[in-house]
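This report describes part of a protein model in words, to be read beside the sequence and the 3D view. Please look through both before reading on.

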Amino acid sequence: MPPPVTSAAAGRSRTPVGTRPTEVSARAWGWRHGGRKRYAVRGLDLSVAPGERVLLLGPSGAGKSTLLHGLAGVLGQDEEGEQEGGLLLDGLPPADARGRAGLVLQDPESQVVLARVGDDVAFGCENLAVPREHIWPRVEWALRTVGLDLPLDHPSSALSGGQKQRLALAGVLAMRPGLLLLDEPTANLDPEGVELVRDSVRSVADELGLTLVVVEHRVAVWEDVVDRVVVLGAPEEDRTPVIADGAPARVLRGGGTGPSDAGRAREQLHAAGVWLPGRPPALPVSTRHTGSGGGEPLLGATELAVARTPRGPVAAADLNVQVRAGRCLAVVGPNGSGKSTLALTLAGLLPARRGRVTAEPALARGAGADPWRWRGRELAQRIGVVFQEPEQQLLTGTVAEEVAFGPQRTGVADDEVEARVEELLERLRLSRLARAHPFTLSGGEKRRLSVATVLATRPPVLVLDEPTFGQDARTWAELVAMLRDLRDDGRAVVVVTHDRPLVEALADEVLTLEAPC
């Protein structure tokens, strides 16, 4: 580990600057995003002691990310929203406690600042005026800690989504905050990456004595790391209820004072969409899909090599893929193996580096055999794409307008557009957000919105990159059931995912990409 940055009284103190654990206090705190009628969080009372490790749970849209953004001091000024009550770090408003909190966001793309890996990790330290001689040892230590074994001059743009997540964590750890805030930090990571990040966070929290607040829907990953679980309920008219608060074993595996109390507590958490250990979400039994045979071929690839840029490195090669109507192909593999690049190439958004992607006549319908050469409208009518980062495909000012955008541009009649929007918003639990700005939604809500925008054009082929990211157990089951219905109705579905339960519930074929050399 690099030598610590010490206070001015270096000869008398060995305490690294910024590693004193932070105390958190929320008193009747609330935040309403600009343009929204409802508060994302309201009337919240919560205290976190210095050095405490908290797992923050709750249904999608309960305000968990909003609370983390408030603690990090990045919610914005009065013109961006309305605040009630008080939120303090060590007795100070978060905006006045610079460097005391470090936040890793749901979307790692939004945290990549500079073009090279080393510079990106150093960015936060430079903004905190850490002496230059201590910055680069911290950078190298942080990259080792998160398992990102890359040269310091490696291009940030060449990283996969999961690698960018680890890069963001490294940048925060290098600053050595007293409060570490993690918002779905393992959502886009392969199983090995999940364990590495979890173990890295535990090691750093032990070493530096950090206060930790982590939001994660899959609780089993963090159950043994934290010493407290807090569960937020869906916001009500004047408050955000805390429906459970206590030790992990008591809250997650049977809280209360007796068996009946334990059962009621678990049922309440289950109804709220909390992923409970040993209780996977239930899916309706499918009676329409045999799981064998196959429909007509729609899209294929032969001896395919894919790359993000025309002159960049090949992400995956020697791929032979067939996409069939009424079937689901799951693309799995470690971070950096080229899964997302393959998905974008199959979807006609990237050209093949070698080999070819061919649309069969049933899909092409006169547009030509190469999806890369299709015009935008032709592509939208035939292949729908959900990107790994939902923000990359949000274009309009309201949720309803976002869902309507695709079918309007492909010539669907106004009354039919309205019917599709209403149906999709209802089924994906977005109706109450119809007039909200898409960028004020939670991560899970943005993901469901991005799926809705693609489904609205009703293309015969769906290519979805991490479609279940950020979902609670209830919305996960509803989304998977919806995708399964689409497959059973004859759509071809391609999913890129690290979500093993999704693969088990939906996939007919699995394509496993190998780790990069």
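## Strand pairing

Strand E10 (residues 297-307) pairs with E11 in the antiparallel sense over seven bridges, where strands are DSSP runs of E with at least two residues and helices are runs of H or I with at least four, numbered from the N terminus, and two strands pair if DSSP finds at least two bridges between them. Leu299 stands opposite Val323 in E11.

The open sheet holds three strands in the order E11-E10-E13, with antiparallel pairing. Strand E11 (314-324) and strand E13 (354-359) each have a single partner strand, so one side of each is left without a neighbour in the sheet.

## Basis of the model

This is a predicted model, in which local features need pLDDT of at least 70 and side-chain atom pairs count only at pLDDT 80 or more, while totals for chains, interfaces and linings use all residues. Residues are numbered from 1 along each chain as its sequence is written, and side-chain values use heavy atoms, leaving out hydrogens and water.

## Salt bridges

The whole structure has 24 salt bridges, each defined as a side-chain nitrogen of Lys or Arg within 4 Å of a carboxyl oxygen of Asp or Glu. One of them joins Lys446 and Glu391, with the closest N and O atoms 3.1 Å apart; Lys446 lies in helix H13 (residues 443-455) and Glu391 in the loop between strand E14 (383-386) and helix H11 (399-409), 55 residues apart.

Lys446 counts as buried at 10% relative accessibility, whereas Glu391, at 22%, counts as partly exposed (buried is under 20% relative accessible area, exposed over 50%, partly exposed in between, with a 1.4 Å probe and protein chains only).
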